[in-house]
Amino acid sequence: MNRLTISQIIASLAVLLATGSALMLGAAPLAVALPVLAGVAVLLITSQGAEPGTEAPAAPAEPPIPDLAAHPDFTSLLEGISDPLLLIEKGRILRANRAAQRLLGTHIEGEDARIAIRHPAAAERLANQAPMAEPAMVELVGLGTREQRWQMRIAPLGDPAQVRRLVHLADHSGAYAAERMRVDFVANASHELRTPLAGILGFIETLADPDLGRDTETRQRFLKIMEGEARRMQRLIEDLLSLSRIEAEKYRAPVSEVDLSELVAETVSVFRASHDERGRDVEMDIAPGLPAVQGDRAQLSQLLHNLIGNSVKYGRPGTPIRVSLGEGPSGMSRICVADEGEGIGPDHLPRLTERFYRVDSGRSRAMGGTGLGLAIVKHIVERHRGRLDISSVLGKGTTVSILLPRSTEGDKAAWRHG
């Protein structure tokens with residue numbers, strides 16, 4: 001049944017009021033009845049012709065959700081993000097920025113996302129087409145290279161009917177490596193200090209015994225061992241402090257000029273005078289007329305002492321240790337320290353500059369090594385914007401090469417204002 005509109009109801013009330021007024025004024029009933037019947041007929045006709053639902057205007061339709069992928073600036077938006085970014089629609093990669101293509105391949109657009117990102121932790125999330133209430137996070141290990149760690153963030157985008165997902169990949173490899181290095185460093189440093197400290201405490205308890213303490217030979221032997229362990233801890237603490245200072249200055253390039261020829265000659269003379277017969281095995285070859293380098297003299301001296309000291313320790317007795325200084329590529333100066341010893345296996349070479357890494361832990365500790373010498377060398381070279389290369393042949397020996405940039409007026413101005 002059709003309902004009367006507000007205007008029809010108002011018209012009906014007007015007819016009734018007019019009729020009542022006419023009767024009160026004494027009009028004849030027949031004269032009044034005819035207009036009333038006509039009004040009722042008009043109301044019936046208009047009520048029958050009224051469309052249902054016309055009593056209230058229709059609510060405006062919701063505007064359609066815009067297609068962001070079709071926007072002309074969408075590609076620029078994707079490329080404005082340096083991290084890999086993917087737009088996935090119903091499990092297939094619709095768009096990928098250049099960072100994503102470098103990581104996963106230039107062919108990935110149009111490909112199944114599970115094939116492009118071959119990782120079991122990501123496959124279920126990428127294939128799921130159910131509505132997403134909130135973004136999801138997935139940790140990926142081994143994407144790109146075996147050691148890389150990524151955090152994948154998946155968020156819904158646009159019209160839910162299109163089942164579109166925006167996938168952002170953030171490389172957390174550096175943060176993970178730094179945290180692992182910190183944990184390893186604390187564990188290794190604690191171990192390196194705990195071992196000699198335990199030995200010293202054990203000898204002190206032995207010497208405190210009234211009977212053993214009176215034995216002069218035993219006391220002297222124990223005191224000598226204790227002195228060696230204490231000096232080992234002292235060297236370790238000094239190396240740790242030195243490494244900490246070098247790392248703190250890593251991003252402040254040195255501004256002094258250093259005459260490498262003079263410094264190399266001075267360092268070699270120290271070894272010849274202080275290492276008896278082995279010191280006399282140190283040979284020196286310095287090219288004439290080399291320009292100065294921009295550097296920190298104390299740190300470069302430490303670098304030379306560490307490198308020559310390693311050759312003195314691990315080279316075969318009676319074999320030469322060759323220290324040379326000459327011209328390198330690209331206008332750099334090259335320092336080389338070469339020995340003839342047992343050499344180092346290729347599996348060990350990439351890890352030689354790690355803190356506390358030793359090829360032979362027992363031999364290194366017996367010779368007083370702290371496991372930090374090459375780590376210090378690496379950080380000094382990095383601070384001087386140089387390059388470090390270590391080559392070795394088993395049974396023949398090891399050569400360490402350092403390339404350092406020479407001092408120029410342009411470099412000095414840039415470093416002073418940097």
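Student: Why is K90 called partly exposed?

Tutor: This is a predicted model, and in it K90 has a relative accessible area of 46%. The class runs between the limits of 20% and 50%, so K90 with 46% is partly exposed.

Student: What makes β1 and β5 a pair?

Tutor: Strand β1 (residues 85–89) and strand β5 (residues 164–171) share 5 bridges and are antiparallel. The requirement is at least two, so the pairing holds. L87 stands opposite L166 in β5.

Student: How many bridges join β4 to β5?

Tutor: 7 bridges join β4 (residues 149–156) to β5, and the two run antiparallel. Q151 stands opposite A170 in β5.

Student: What is the order of the strands in the open sheet of 5 strands?

Tutor: The order is β7-β9-β10-β12-β11, with mixed pairing.

Student: What makes β7 and β11 edge strands?

Tutor: β7 (282–286) and β11 (387–393) each pair on one side only, and that is what puts them at the edge. Neighbouring strands of this sheet are turned by 15° against each other on average, direction ignored.

Student: How do you know that β10 and β12 are joined?

Tutor: 7 bridges link β10 (residues 332–338) to β12 (residues 397–405), and the strands run antiparallel. With at least two bridges required, they are therefore a pair.

Student: Why is α14 called mostly covered?

Tutor: 9 of its 11 residues are buried, where buried means under 20% relative accessible area. The buried residues are G373, L374, A375, I376, V377, H379, I380, V381 and R383. Their cover includes α9 (216–248), α12 (297–314), β11 and β12.

Student: Why is R385 called partly exposed?

Tutor: Its relative accessible area is 39%. That value falls between 20% and 50%, so the label applies.

Student: Why is L372 called buried?

Tutor: L372 has a relative accessible area of 0%, and buried means under 20%, so L372 is buried. L372 is in the loop between α13 (361–366) and α14.

Student: What does L372 touch, not counting residues up to four places away in sequence?

Tutor: L372 touches L236, D239, L240, L243, R355 and F356. With R355, 17 residues apart along the chain, the C-alpha separation is 5.3 Å.

Student: Why is S256 called partly exposed?

Tutor: S256 has 41% relative accessible area, which lies between 20% and 50%, so it is partly exposed. S256 belongs to strand β6 (residues 256–258). Leaving aside neighbours within four places in sequence, S256 is in contact with V293, Q294 and G295. S256 and A292 are 36 residues apart in sequence and 9.6 Å apart in space, C-alpha to C-alpha.

Student: Which residues form the nonpolar patch on the surface?

Tutor: L197, L201 and I204 form it, with about 260 Å² of accessible area together. L201 is in helix α7 (residues 173–208).

Student: How do you know that L201 is partly exposed?

Tutor: L201 has a relative accessible area of 47%. The value is between 20% and 50%, so L201 is partly exposed. A patch residue needs over 30%, so L201 with 47% passes that cut-off too.

Note on methods. Residues are numbered from 1 along each chain as its sequence is written. This is a predicted model: local features need pLDDT of at least 70, side-chain atom pairs count only at pLDDT 80 or more; totals for chains, interfaces and linings use all residues. Side-chain values use heavy atoms; hydrogens and water are left out. Helices (H or I, at least four residues) and strands (E, at least two) are DSSP runs, numbered from the N terminus. Axes are lines fitted to C-alpha atoms, for helices over the stretch in contact, and angles run from 0 to 180 degrees between N-to-C directions. Patches are made of residues with over 30% relative accessible area and no salt bridge: like charges are joined within 9 Å, nonpolar side chains (Val, Leu, Ile, Met, Phe, Trp, Tyr) within 5 Å. Accessible areas come from the Shrake-Rupley method with a 1.4 Å probe; for residues, only the protein chains shown count as cover. A salt bridge is a side-chain nitrogen of Lys or Arg within 4 Å of a carboxyl oxygen of Asp or Glu. Buried means under 20% relative accessible area, exposed over 50%, partly exposed in between (1.4 Å probe, protein chains only). Contact means heavy atoms within 4.5 Å.
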